[in-house]
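User: I would like to go through the labels attached to this model and see what each one rests on. Please set each value against its cut-off.

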Amino acid sequence: MRRKKIAILLIFVMLFASTTSVGAQDEQEETLILSRFSDMPDDWSTQALQRAVDNGLMSGSDGLIKPKDPLTRAQMATIINRAFGAKNMASISNFEDVSTTAWYYHEMAKAIYMKTFLGDGNHLYPDNPITRQEAFLVIARALGINASTFAPAGFIDLDDIAPWARGEIYALINQGYIQGSAGKINPKQTITRAEFAQLMHNLIKTYIKEPGEYTDLLEGNVMVLVPGVVFVDTMITGDLILGEGVTENDVVLSNSTLTGRWIIRTQQMEKQNVIGMVADVNELGEDNFNNLAFMGLKKAEDDLNVITKKVESVNEGDYSSNLAELAQEEPELIITVGFLMIDATTEAAENYPNQKFVIIDDNSIDLNNVMRISFAEHEGSFLVGVIAGMTTETNVVGFIGGMQFPLIEKFMYGYMAGVKSVNPDAEVLIDYANSFMDPETGKELALSQNELGADVIYHASGGTGFGVIEAAGEADFWAIGVDVDQSYLDPEHVLCSMYKRIDNVVYMAIQSVLDGNFEGVNVVYGLKEEAIGYVDGAGNISIELADTADFYKRKIIAGDIVVPYDLETFEAFMEN
């Protein structure tokens, strides 16, 4: 085989950082490129533009390279296709704004096949200028860079990044691909042709288009576009990217070292099942149902070979836009977490009737493309009510809900029924905080109930419940946690917790979609499915209490006890 030597670039520059370095490129070739384009600049972008032309990424028109013009979506798709050797095309007949006679028709078809571009409903907007955050997201998709939750330091406009692009841009920054300027990313600004040439110049230093042996390489990522390539006695100081149609078996490292990753586009395109999740305003970092849902999502990613994407909502106004942005990417399934997202999920499901949705904690949406998953929270609440009724020494217990509506009332009535089953004379105090994110109010309500005699207080109030547990520690009474084992917050004052295995049901929902068993129906999980129950993480429950709770659990599963979930069923329960 013949050996090819590729000139060594003197300095690796970060994305969009200015540079005055010039590689050892042949002067005659530079002169030829400069003579072809009368508007070729003589500034920071010159080398990147020359390399883009030399590598076939940009061709210009009418003797102009137009470096300051905004890059359009179709132009970017074309550059990415050329860079990654895209050949296969998807059907794009459903996109109304891509004419079969347009110069970019086949390029957009390739981009859709690559999944670098996903479209917005029936539109691809090929002639629109592309924003910087859109460009970054496309690059992340092309390189298979996973989203990051770690916000990088040193930038003052990270909040300007749209939620649908935030994770990928964080990852690009954290991996050194984006440097920004003056502490800004400027995500919503359009990107010029010169800027994008610089981006590609810094992302991919070497393009290999012919088979053979290669030794000296430019520092940085290497793109291989043909099979039959052998790297001999060299070091690849970056990622080794294999373009479309090239597999790991087509490239040999002979006494050579790769410092970065193998990025194999063929494998990425075969891994097509994408599962998205939009969380409500309870942060993923908190120990709550959002985090449990994310755990189920990650388990599916590991076990079921799917790509996952999560979007966090800063406030309730984000729900609709986050869902719309995610739906435009056409994932296999979108999971929405929490009853607060009912309206936004309904709107998105109506706007995207071919998109499958799963909503956790709701059974009200009546649409064929929405699977509604709810829990028999009243059954688990009954069990902790039994424990509370047997534990109280004052014959007064309490319940604090986040907001008063049917879902939270299921917790309340189930709890009250459990208390009354073992302690008919016990009084149950009821309060609502009107918020799931107000621990201060939760603390005040709990202390007030304690002053009225409540020595065991159960909360179903999300983040507000942290205040309930804090009050239990200060005033020395028992608190009962919810959703997860909350004993870690105060092992000496969290009696037990009523848990919901949201992680398991999210995993099962994803599996049903992959198995082709998705249905737009209501699915309820309870004690029988072990999706509901109680947990004693701190060991505060006596054997007697545990045995009694298990007795009632068996009765409920057998159907001997029907646990009430609203006022009518509670009154009927008490009569019997």
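This is a predicted model: local features need pLDDT of at least 70, side-chain atom pairs count only at pLDDT 80 or more; totals for chains, interfaces and linings use all residues.

User: What makes Gly 296 in H9 a contact residue of H16?

Analyst: The criterion is heavy atoms within 4.5 Å. Gly 296 is listed among the residues of H9 that meet H16. In the class count, Gly goes with the polar residues.

User: Why are H3 and H5 called roughly parallel?

Analyst: Helix H3 (residues 73–84) packs against helix H5 (residues 132–143) at about 25 degrees, and their axes are 12 Å apart. An angle under 35 degrees counts as roughly parallel. H3 and H5 are therefore put in that class. H3 passes H5 in a right-handed crossing.

User: Which residues make the contact of H3 with H5, and what is its make-up by class?

Analyst: On the H3 side they are Arg 73, Met 76, Ile 80 and Phe 84, and on the H5 side Glu 134, Ala 135, Val 138, Ile 139, Ala 142 and Leu 143. The contact of H3 with H5 has eight nonpolar, no polar and two charged residues. Arg and Glu count as charged, and Arg 73 and Glu 134 are in the list of residues that meet.

User: At what angle do H10 and H11 pack, and which residues are involved?

Analyst: Helix H10 (residues 318–328) and helix H11 (residues 342–351) pack at about 35 degrees, with their axes 9 Å apart. Tyr 319, Ser 320 and Leu 323 of H10 make the contact with Ala 344, Thr 345, Glu 347 and Ala 348 of H11. By class, the contact of H10 with H11 has four nonpolar, two polar and one charged residues. H10 passes H11 in a right-handed crossing.

User: How do you know whether Asn 369 is buried or exposed?

Analyst: Its relative accessible area is 9%. Buried means under 20%, so Asn 369 is buried. Asn 369 is placed in the loop between strand S14 (357–360) and strand S15 (370–375).

User: Which backbone oxygens lie by the side chain of Asn 369?

Analyst: A polar atom of the Asn 369 side chain lies 3.3 Å from the backbone oxygen of Tyr 352. For the backbone oxygen of Gln 355, the distance to a polar atom of that side chain is 3.1 Å. The cut-off for a polar contact is 3.5 Å. Beyond neighbours within four places in sequence, the contacts of Asn 369 include Ala 349, Pro 353 and Phe 518.

User: What sets Tyr 125 and Asp 483 apart in phi?

Analyst: Most residues other than glycine have a negative phi. Phi of Tyr 125 is positive, near 50 degrees, and phi of Asp 483 is positive as well, near 75 degrees. Tyr 125 is in the loop between helix H4 (105–114) and H5, whereas Asp 483 lies in strand S19 (residues 478–483).

User: Where is Ser 435, and what does its side chain meet?

Analyst: Ser 435 is in the loop between strand S17 (427–432) and helix H14 (439–451). A polar atom of its side chain lies 2.9 Å from the backbone nitrogen of Met 437. Ser 435 and Gly 462 are 27 residues apart in sequence, and their C-alpha atoms are 8.5 Å apart.

Methods. Residues are numbered from 1 along each chain as its sequence is written. Side-chain values use heavy atoms; hydrogens and water are left out. Axes are lines fitted to C-alpha atoms, for helices over the stretch in contact, and angles run from 0 to 180 degrees between N-to-C directions. Helices (H or I, at least four residues) and strands (E, at least two) are DSSP runs, numbered from the N terminus. Angles under 35 degrees count as roughly parallel, over 145 as roughly antiparallel, 65 to 115 as roughly perpendicular and the rest as oblique. A crossing is left-handed if the near helix is turned anticlockwise from the far one by less than a right angle, and right-handed if clockwise. Buried means under 20% relative accessible area, exposed over 50%, partly exposed in between (1.4 Å probe, protein chains only). A polar contact is a pair of N or O atoms within 3.5 Å; within protein, one must be able to donate a hydrogen and the other to accept it, and residues adjacent in sequence count only if both atoms are side-chain atoms.
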